[in-house]
Amino acid sequence: MINDKINANLWVVFFFSFIGYYALLLMLISLGMGDQTRLVTIPVRLLLIVLALIIVYKSYPNIKVRWQLKYFLLLMLIYTTRVTVDYLNNDEYYMEPAEMLFYLVSFVVVPFVSTSFLYITNSNLASIAKAFLYSGVLFSILSYYLLSSFIGEVGRLDYRTDGSDSYFSPLALSYCSTMIIGVLGTYMLFNRTTKVERIAALVAILLSIVPFFLGASRGSLFALFVPLLFLILFSGKLKYKIGFLVLSVLVLFLVVYLNEYFESDLLVRLLGVGKD
């Protein structure tokens with residue numbers, strides 16, 4: 001019973017901490033609430049903090065401080081120090097430092113710390129995988145519905161492509177689509193899944209190609225290919241190394257072809273020719 005509650009909380013935390021949060025934003029935008037998103041998203045962030053704390057509480061007998069957490073906290077200390085120094089130097093951000101730290105805590109610190117305390121079981125992993133799958137499907141469908149009309153019209157979608165506040169950061173679009181392609185792709189590759197899950201993941205991956213190229217982020221391209229490089233280097237058997245190498249080459253050719261098809265600025269920006 002306790003594990004079922006932890007799984008339910010994990011599902012919600014992982015659904016809204018990553019892709020699901022942006023799927024929620026897209027849903028609000030599609031409903032004409034683009035200027036009122038914080039009325040919904042801030043309560044969602046607060047809910048995630050509460051659920052993450054419940055996970056820690058329910059897992060208390062098995063809590064263990066892992067070495068990764070120490071390095072993570074060091075990284076967070078460096079980050080907050082940087083923000084504090086910039087604030088004291090009167091450097092301007094696009095949001096207030098207090099608001100930035102709130103999003104840092106709710107987006108990054110609480111989910112990471114709470115799950116790092118947890119002894120992850122196969123049941124927990126199944127809940128996390130389903131959260132990624134469902135949020136990925138929802139995000140890809142909504143992004144395709146809202147953005148497909150811009151295919152071939154713009155090299156990179158920005159905040160004012162349609163002359164309103166309806167579209168958010170192209171980085172968010174690009175990184176969410178990269179996460180869908182990378183996480184769902186590797187999960188389906190290395191785990192047993194049902195036919196319905198494979199079809200859903202394939203639909204999400206194919207539809208997420210649209211925000212990937214409209215976002216045109218160089219970082220997302222690295223995020224997609226670096227894991228493939230690690231798979232090639234550390235996959236063990238030679239046949240797996242060759243298989244991942246062939247896959248990488250095919251993906252590279254596909255990216256080049258689709259970049260031309262979408263008339264995206266992705267490769268131009270990667271080569272440093274276009275402006276940021």
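Is the crossing of H6 and H7 left-handed or right-handed?

Tutor: This is a predicted model. In it, H6 and H7 make a left-handed crossing. Helix H6 covers residues 122–147, and helix H7 covers residues 170–190. Their axes come within 10 Å and cross at roughly 135 degrees. That angle is why H6 counts as oblique to H7.

Now the contact itself. From H6 come Ala129, Phe132, Leu133, Gly136, Phe139 and Leu147. They meet Leu173, Cys176, Ser177, Met179, Ile180, Val183, Leu184 and Tyr187 of H7. By class, the residues of this contact are twelve nonpolar, two polar and no charged.

Next, one serine in each helix. Ser135 sits in H6. Its relative accessibility is 0%, so Ser135 counts as buried. A polar atom of the Ser135 side chain lies 2.7 Å from the backbone oxygen of Ala131. Beyond its neighbours within four places in sequence, Ser135 contacts Phe15, Ile19, Gly20 and Ala23.

Ser174 belongs to H7. Ser174 also counts as buried, because its relative accessibility is 0%. Its side chain makes a polar contact of 2.7 Å with the side chain of Ser220. Setting aside residues up to four places away in sequence, Ser174 touches Pro211, Phe212, Gly215, Ala216, Ser217 and Ser220.

Key: Residues numbered from 1 in each chain as written. Predicted model: local features only at pLDDT ≥ 70, side-chain atom pairs only at ≥ 80, totals over all residues. Heavy atoms only, no water. Helix = DSSP H or I, 4+ residues; strand = E, 2+ residues; numbered from the N terminus. Buried < 20%, exposed > 50% of the residue type's maximum accessible area, 1.4 Å probe, protein only. Polar contact = N/O pair within 3.5 Å; in protein donor to acceptor, adjacent residues only side chain to side chain. Contact = heavy atoms within 4.5 Å. Axes fitted to C-alpha atoms, helices over the stretch in contact; angles between N-to-C directions. Parallel < 35°, antiparallel > 145°, perpendicular 65-115°, else oblique. Left-handed = near helix turned anticlockwise from the far one by under 90°. Nonpolar A, V, L, I, M, F, W, Y, C, P; charged D, E, K, R; others polar.
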